[in-house]
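Work through the exercises below with the sequence and the model side by side. Each task is followed by a worked solution.

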Amino acid sequence: MVLEGLDKCGKSTQILRLCKRWQSLKLPVTVTREPGGTDMGERIRQLLLDRRQDVCPLAELLLYEASRAQHVAEVIAPALNKGQIVLCDRFSLSTMAYQGRGRELSMGMIRQLDDWATGGLRPDLTLVLDVSLPVTLARLGGRRDRMEQKTPLLARVKEAYARLSKVLPRVKLIPADCAIDELEGRILSTIRRQGTWVFPIL
């Protein structure tokens with residue numbers, strides 16, 4: 001399962017809460033993130049988010065997909081093969097939103113590259129935590145990485161998440177301008193509606 005959304009939408013907090021909930025049921029859980037998740041991926045992450053770097057959109061896309069290919073091969077696929085629940089902070093939908101709509105690259109090219117990088121692997125469920133842009137900017141404050149510096153890009157990405165959640169299967173948009181506990185409740189309700197055969201949860 002993947003949690004998506006603009007930075008500071010609450011992804012990391014909610015992933016940890018889900019992890020603890022499943023671990024309390026004695027279920028094996030792997031928590032990971034993108035870009036990153038592997039030694040190579042974390043090095044690519046530092047390069048991608050460095051405000052001092054000027055990375056062209058195509059190079060940016062290729063770096064994200066290189067990180068994802070290593071991530072799937074080294075972390076995600078082995079965990080799934082062991083029967084573990086995988087909770088990932090960002091995955092393919094981020095690339096469609098940020099590089100497709102945000103950077104205005106070809107969506108067809110992105111999907112083709114992503115299919116190569118993932119081997120066609122798709123999440124059982126992707127939850128997009130939808131936070132308003134003013135709340136996002138307030139939470140970011142002055143601590144913005146290279147991807148967060150341009151408000152127009154963030155606005156396009158937010159719009160893309162909303163649009164993609166309406167047309168892609170197994171993608172759900174969850175309003176996230178609320179307290180942490182309330183957001184957790186919304187997430188759990190959404191997961192329960194998918195069926196416990198996919199996500200065992202109380």
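**Salt bridges and burial**

Glu-42 is partly exposed, with a relative accessible area of 24%; partly exposed lies between buried (under 20% relative accessible area) and exposed (over 50%), using a 1.4 Å probe and protein chains only. The model is predicted: local features need pLDDT of at least 70, side-chain atom pairs count only at pLDDT 80 or more, and totals for chains, interfaces and linings use all residues. Residues are numbered from 1 along each chain as its sequence is written, and side-chain values use heavy atoms, with hydrogens and water left out.

**Exercise 1.** Find the salt-bridge partner of Glu-42.

*Solution.* A salt bridge needs a side-chain nitrogen of Lys or Arg within 4 Å of a carboxyl oxygen of Asp or Glu. Arg-33 meets Glu-42 at 2.7 Å, N to O. Arg-33 is partly exposed, at 34%.

**Exercise 2.** Which parts does the pair Asp-89 and Lys-11 tie together?

*Solution.* Start with the contact: the two side chains form a salt bridge at 3.6 Å, N to O. Next, place the residues: Asp-89 is in strand E3 (residues 85-89) and Lys-11 in helix H1 (residues 11-24), so the bridge ties parts 78 residues apart in sequence. Helices (H or I, at least four residues) and strands (E, at least two) are DSSP runs, numbered from the N terminus. Last, check burial: Asp-89 is buried at 11%, and Lys-11 is buried at 5%.

**Exercise 3.** Name the residues linked in a network of salt bridges.

*Solution.* The network links Glu-34, Glu-65, Arg-68, Asp-114, Asp-115 and Arg-122. The whole structure holds 19 salt bridges.
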